[in-house]
Protein chains: 2
Amino acid sequence: MRIAIDAMGGDNAPGLIVQGAMDAAAQWPDTELLLVGDTSVIEPLMKGQKPSNITICHADEVIGPDDEPVKAVRRKKGASMVVAGQLVREKQADAMLSAGNTGALMATGLLVVGRMDGIERPALAPMMPTMDDIGILTLDLGANMDAKPEHLVQYAIMGSIYRTKVHGLEKPRVGLLNVGTEAMKGNEMAKAAYALLEQAPVHFIGNVEARDVLNRNCDVLVCDGFAGNIMLKAMEGAAGTIFTSLKEAFSQTLLTKLAAAVMLPKLRPLKKRMDYKEHGGAPLLGLNGLVVKCHGSSDALAVKNAVRQARTALQGQLIETIAAEINGK
Amino acid sequence: MRIAIDAMGGDNAPGLIVQGAMDAAAQWPDTELLLVGDTSVIEPLMKGQKPSNITICHADEVIGPDDEPVKAVRRKKGASMVVAGQLVREKQADAMLSAGNTGALMATGLLVVGRMDGIERPALAPMMPTMDDIGILTLDLGANMDAKPEHLVQYAIMGSIYRTKVHGLEKPRVGLLNVGTEAMKGNEMAKAAYALLEQAPVHFIGNVEARDVLNRNCDVLVCDGFAGNIMLKAMEGAAGTIFTSLKEAFSQTLLTKLAAAVMLPKLRPLKKRMDYKEHGGAPLLGLNGLVVKCHGSSDALAVKNAVRQARTALQGQLIETIAAEINGK
């Protein structure tokens, strides 16, 4: 099994990305890691300790966080992210990981790795945080702003297979993001998607309201990228504002500072739980290979965990299973 | 000035609705209040103290919280809410208030009071809470799930006039709910709305992300009812979950209970601030008269405040101003 890693993408690249790759290589000797980036930068970081299951694939260029995604992918053919995508397209790698520019990674998925036959819209599928720390795979969260009802059905199928293959869920519950739980609720798109999802080969449990997501009332949540992003940012905004206000309230007087000493250790896990950045790499589903978006602030542990996640998905034949289901084979 | 009040709608009807009407009648002797409902129920509640500026308009029926909105409005012609709507349509009242079934009130607005000429979609416009307690008038929040770009322009015009007439804002800032602040962000609808809003006779400040709403970075926020509802419920869900977790954390040990004694008085205003139910009645804009939705749990003070709100709007000639702007007169 071969996994390509974009060594140059993310806030902590290349240092902690290379470190994470070395840790992963040590833990899983059966897995070959293709570290993509500037050899003259990567090699010294390994301090002569290069594991035999790491190969450096040289790439001259880097796509930065402010690069315009599609333009960057089209023009910077030698960028580490694009080269990693080419390795997947040419079947020299089974999967690729990157903590770089999200938009550029989606463009790399579409333009370099390529769409899977039968899939109209690949989808970005991060885990939305839930209070029990397990999370809900939510798609699409940002790859496409507009979606048709039939796209949501494909999201549901891909998401269900992912939860089964990667997280071992036998019968993942699929919910449709909507404004009420009754069947006839929502806009025209949601109503049409509801009708299609009832017929789809997934365990559809009906509409799910944004306010119930934190209670994990489903395992896979499908939505168009616009509504999903609004939900995510509204939750982030509310949580961020409340935690800021709490901090202010705790710093007002000597008594409140004493209360803070008691309470803050108990509240930190809550704050962390609400942070979707804490919840692993997000797969980009519906491509001819596995592409995983790691958070921009990924450290060595996050990279190692993303390798674990990709390994599990590949061992479960995620891509082949999705292709078979989508194309009715 | 005559204001019809649905005496039978809401969790506290008719008792606290009648009480609120009596308080309002005492405060504003120049305003005639038409209290609509069952005379045999309302009269005893007044204990022989009926103010001269209150008239009881008898209505036999009541629309309940579980009634199917459109069906109820069509069939229960004698319902208090429908009769109040008829008073507005027949110009016997300038405005109506109800704390009853929201869907039925929107149906009453459309089917009984009637759409204003030139308005394609009336919009429900509650105040979204903000941390400074001032709020953002947000429309549409629920009257129509689907919206076209040109509907959002009408929402922006109506919302701006409302903020000026009712809240005295000279140049209300209009924001478009979107997934990023840059002009080209969003789905097809949002992009088209952005282009139209730039040309509209409002003070358009561009895209607003859901996570910035609590910081009141605009005065009027326009969105389709689906996205708006997702935003509202995501915020409610996040806030509710955090406050529940806080309560649990505060009740764990003797020390945390002591911390709670110090902190809870400081945190209660924060919780209240996050609750959109605290923010007054929501106008239904774009009708041939003023219709105000009071929250279902409205008490006497909420009813009196809604009368104040309606008075201010009527004194400012809200409806006439909207009609003139929409129809270019």
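Two strands count as paired if DSSP finds at least two bridges between them. That rule guides the first exercises on this predicted model.

**Exercise 1. Find which residue stands opposite L284(A), and how β5 and β11 of chain A pair.**

Step 1. Locate the strands. Strand β5 of chain A covers residues 123-124. Strand β11 of chain A covers residues 282-285.

Step 2. Check the bridges. β5(A) and β11(A) are joined over two bridges, in the antiparallel sense. Two bridges are enough, because pairing asks for at least two.

Step 3. Read off the partner. L284(A) in β11(A) has L124(A) opposite.

**Exercise 2. Describe the link between β11(A) and β12(A).**

Step 1. Count the bridges. β12 of chain A spans residues 290-293 and runs antiparallel to β11(A), with three bridges between them.

Step 2. Name a bridge pair. A282(A) has K293(A) in β12(A) as its partner.

Step 3. Look at the turn. Four residues lie between the strands of this hairpin. G286(A) has a positive phi near 105 degrees there.

Step 4. Sort the side chains of β11(A). A282(A) and L284(A) point one way. P283(A) and L285(A) point the other way. All four residues are buried.

**Exercise 3. Determine which residues touch the most other members of the largest nonpolar core.**

Step 1. Take the core. It holds 194 residues.

Step 2. Name the residues. They are M231(A) and M231(B).

Step 3. List contacts beyond four places in sequence. Those of M231(A) include M128(A), L177(A) and V213(A), as well as I230(B) and A234(B) from chain B.

**Exercise 4. Work out how chains A and B are related.**

Step 1. Conclude. The copies are therefore related as by a two-fold rotation axis.

Step 2. Find the residue of chain A closest to the axis. A259(A) comes closest, at 2.2 Å (C-alpha).

Step 3. Compare interfaces. The copies meet through the same surface, because 100% of the interface residues of chain A are also interface residues in chain B.

Technical notes:
Residues are numbered from 1 along each chain as its sequence is written. Chains are lettered from A and ligands numbered from 1 in the order in which they are written. This is a predicted model: local features need pLDDT of at least 70, side-chain atom pairs count only at pLDDT 80 or more; totals for chains, interfaces and linings use all residues. Side-chain values use heavy atoms; hydrogens and water are left out. A nonpolar core is a set of buried Ala, Val, Leu, Ile, Met, Phe, Trp, Tyr and Cys residues joined through side-chain atoms within 4.5 Å. Buried means under 20% relative accessible area, exposed over 50%, partly exposed in between (1.4 Å probe, protein chains only). Contact means heavy atoms within 4.5 Å. Copies are superposed by least squares on the C-alpha atoms of residues with pLDDT of at least 70 in both.
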